[in-house]
Protein chains: 2
Amino acid sequence: MAKKNAFYAQSGGVTAVINASACGVIETARKHKDKIGKVYAGRNGIIGALTEELIDTTRESAKAISSLRHTPSGAFGSCRYKLKSLEANKREYERLIEVFKAHNIGYFFYNGGGDSADTCYKISQLSEKLGYPVQAIHVPKTVDNDLPITDCCPGFGSVAKYIAVSTLEASFDVASMSKTSTKVFVLEVMGRHAGWIAAAGGLVEDHGIPVVILFPEIEFDQKKFLARVDAMVKKHGYCSVVVSEGCHYPDGKFLAEQGTRDAFGHAQLGGAAPVVANMVKDALGYKFHWAVADYLQRAARHIASKTDVDQAYALGKAAVELALKGQNAVMPTVERVSDNPYKWKVGVAPLSKVANVEKFMPRDFITADGFGITAKCRTYLLPLIKGEDYPPFKDGLPQYVRLKNVAVPKKLAGFTI
Amino acid sequence: MAKKNAFYAQSGGVTAVINASACGVIETARKHKDKIGKVYAGRNGIIGALTEELIDTTRESAKAISSLRHTPSGAFGSCRYKLKSLEANKREYERLIEVFKAHNIGYFFYNGGGDSADTCYKISQLSEKLGYPVQAIHVPKTVDNDLPITDCCPGFGSVAKYIAVSTLEASFDVASMSKTSTKVFVLEVMGRHAGWIAAAGGLVEDHGIPVVILFPEIEFDQKKFLARVDAMVKKHGYCSVVVSEGCHYPDGKFLAEQGTRDAFGHAQLGGAAPVVANMVKDALGYKFHWAVADYLQRAARHIASKTDVDQAYALGKAAVELALKGQNAVMPTVERVSDNPYKWKVGVAPLSKVANVEKFMPRDFITADGFGITAKCRTYLLPLIKGEDYPPFKDGLPQYVRLKNVAVPKKLAGFTI
């Protein structure tokens, strides 16, 4: 059998460590040149495969590839593009196989969340049917930490660390100002459906910070919330609130959808944080400040968790090793061996059990009143934010790498997506 | 002459390094116990002096005081409380002198911005008149970098570094997503009157990032702005915008005041970033994301500038040394000796020339079109964000110190402010 090439693509929202997984894939493949030919990357994710816009990673130096480990974002470009079902758009799946065949690609490494696990699974199934079997391995990535089976998802630990550090620092600030000025600080974090990121804000309680967490898993009760904030401010002089963007009322309406209108009557400008902050001001009269972390949280490689970086790299590496062992339609996972000292190892999960399953915060990770995290949650979270892994700096700024991203010559006719 | 005690207070918005100045003051005073008795700190700033709520810093260990160097926020509490003019409220000034007299305080170190420089100056003048001369030394602090004479203000370099790093990281993120998703990212930063902080976002241009800066010094021109963003996106595929909270229209109306109303008809929820982002969406149709850094930027000790930390400490130390040399009504300053290699030394400015003067961005630091920074500005800014000075971490979080803040027994009757 002729030596096959590999294809690697990044999918969906990028993270501080998805490039560390890319680094793991490429460096490991380079160590097995006897079995794996070139690693091609998709320019802008799976779209690059559909349009045959492949990037030749062999054109990058060892140093450039190694720098991916400390560079946030998606070095080859990512995309938000969900392939439809096989029935609805078989044409796209067939095109993928055609491109793989044209470039002698036998390994498909797809680095993404739930949707891409599903795509990866379908490609593995279809390629077999079409007589050009491709080994499809999914590399987990999502700041939302909502993939099943794996103990955690690369990308999450670093966002969690950023949110915990930021909540701690801003809370120290508010504590200083609370005598005459700001008494309530509200930080909005990502997490449309699952409250894992918001939960990380709860870690500052160990540092004596009064904090109220608003999870998407818990229906928002305005009266209870305001009473809790008021009690915190009366006791501590100040209070921090970490609100998930997915926090919503019992009827499903997001807090951010307050029917806010601008001067032209356009719908709300968004943001759960300003809504919550103004709610506090209106009901309790406390002076507030609010922040929306948005992309800053998932791009913050400068304060990445070492655990997270290590795991992102390890799962990229494991994906290639699984491929070399002949595995197909699987995803390498993080298996927790022990909490304290934290020990973990790489496991493996069949994609059939990963695709389209979302993992929410277990109810016993959230306190009975719904506003905090339990000791069990703390035990889960703490190892994931542990360790620092600073990027190199030059002239005050991190030295993030930009690849050359040299195109592989096309062999096929164009394809419209 | 009996040995006098010292009084130290923190004023106004706190920073990532104001405690480093406190550390410089206290450690230096401790080295001169023959001349300076105890250092008392004001609980919640100058209010603590008025209400005789003094903190005995001699009750803190050398290790705790040394940890102030890496702890953000105001360790003794700060306040937003501007003393009125001598004529309007002589009672408060007299009370301060009374408290200083009761506690044998001969040195007054006031750590703040323009307002506190003014207060510091008045106290020095009045104390002489009232026959209880106090040496008043102002220690500069402001993230806004708007104090005159000093080349820069402690607190600014760290915010500038945070904004430059965050803009770089978020821009890498947007670049990855721009093919199918976000094309414009908007980051709102502090700076109501002066655009120094926004200018720091411009430093990412050296890393090839297309960025548009909106300064408070430049009247907002919506048409020109949208044309610039559109051109950037067409050329680079994406664009970042750093908008100062003080950015305003020619008539003085802030961008954040868009007449936005919530469901109850309450005035706007604030934020220039969502306003700018929606403007881009409405006019150009580009998908956007926006963030508001708020307190995160000025509290981010984890990514403080080493230059800034060093200067904050040095000016605290210099304040005590100036006092020991018999100086009064002065402020230690940063004097730039050379740009590259960056060299600086401690200078001194009379408070009469500091009080009530605001330093804006020079016009030649802003490009002719008003949307970027010039090479001259870059030369000024770069050394200020240089160097990292990471705090110690434990279990994934920075180890910031909380002092005991033991009260000094009161000697006087109460005072209502």
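1. Helices (H or I, at least four residues) and strands (E, at least two) are DSSP runs, numbered from the N terminus. With that convention, Pro341(A) is found in the loop between strand 10 (330-338) and strand 11 (343-350) of chain A, and a cis peptide bond, with omega of about 5 degrees, joins Asn340(A) to Pro341(A). In chain B, Pro341(B) lies in the loop between strand 10 (330-338) and strand 11 (343-350), and the bond that joins Asn340(B) and Pro341(B) is a cis peptide bond with omega of about 5 degrees.

2. The model is a predicted one, in which local features need pLDDT of at least 70 and side-chain atom pairs count only at pLDDT 80 or more, while totals for chains, interfaces and linings use all residues. Residues are numbered from 1 along each chain as its sequence is written, and chains are lettered from A and ligands numbered from 1 in the order in which they are written.

3. On confidence, chain A has a mean pLDDT (the predictor's confidence in each residue, from 0 to 100) of 94, with 97% of its residues reaching 70 or more. For the complex, the predictor gives an ipTM of 0.97 and a pTM of 0.97.

4. Between the chains, 68 residues from chain B and 68 residues from chain A take part in the contact, where two residues are in contact if their C-beta atoms, placed from the backbone, lie within 7 Å. On the side of chain B that touches chain A, at least two residues each come from helix 6 (156-177), helix 9 (272-284), strand 9 (288-292), helix 10 (295-299) and strand 13 (397-398) of chain B, and helix 6 of chain B gives the most, with 13 residues. By class, this side of chain B has 34 nonpolar, 21 polar and 13 charged residues; Ala, Val, Leu, Ile, Met, Phe, Trp, Tyr, Cys and Pro count as nonpolar, Asp, Glu, Lys and Arg as charged, and the others, Gly among them, as polar. Of the interface residues of chain B, 100% are also interface residues in chain A, so the copies meet through the same surface.

5. Chain A is divided into domain 1 (4-152 + 301-357 + 387-398) and domain 2 (156-299), with bounds that come from an automatic or database domain assignment. Their centres, taken over C-alpha atoms, are separated by 33 Å, and 18 residues of domain 1 of chain A are in contact with 15 residues of domain 2 of chain A. The side of domain 1 of chain A that touches domain 2 of chain A has 7 nonpolar, 7 polar and 4 charged residues.

6. One further backbone point concerns Asn145(B), a residue other than glycine whose phi has a positive value, near 60 degrees. Asn145(B) is found in the loop between strand 5 (135-140) and helix 6 of chain B.
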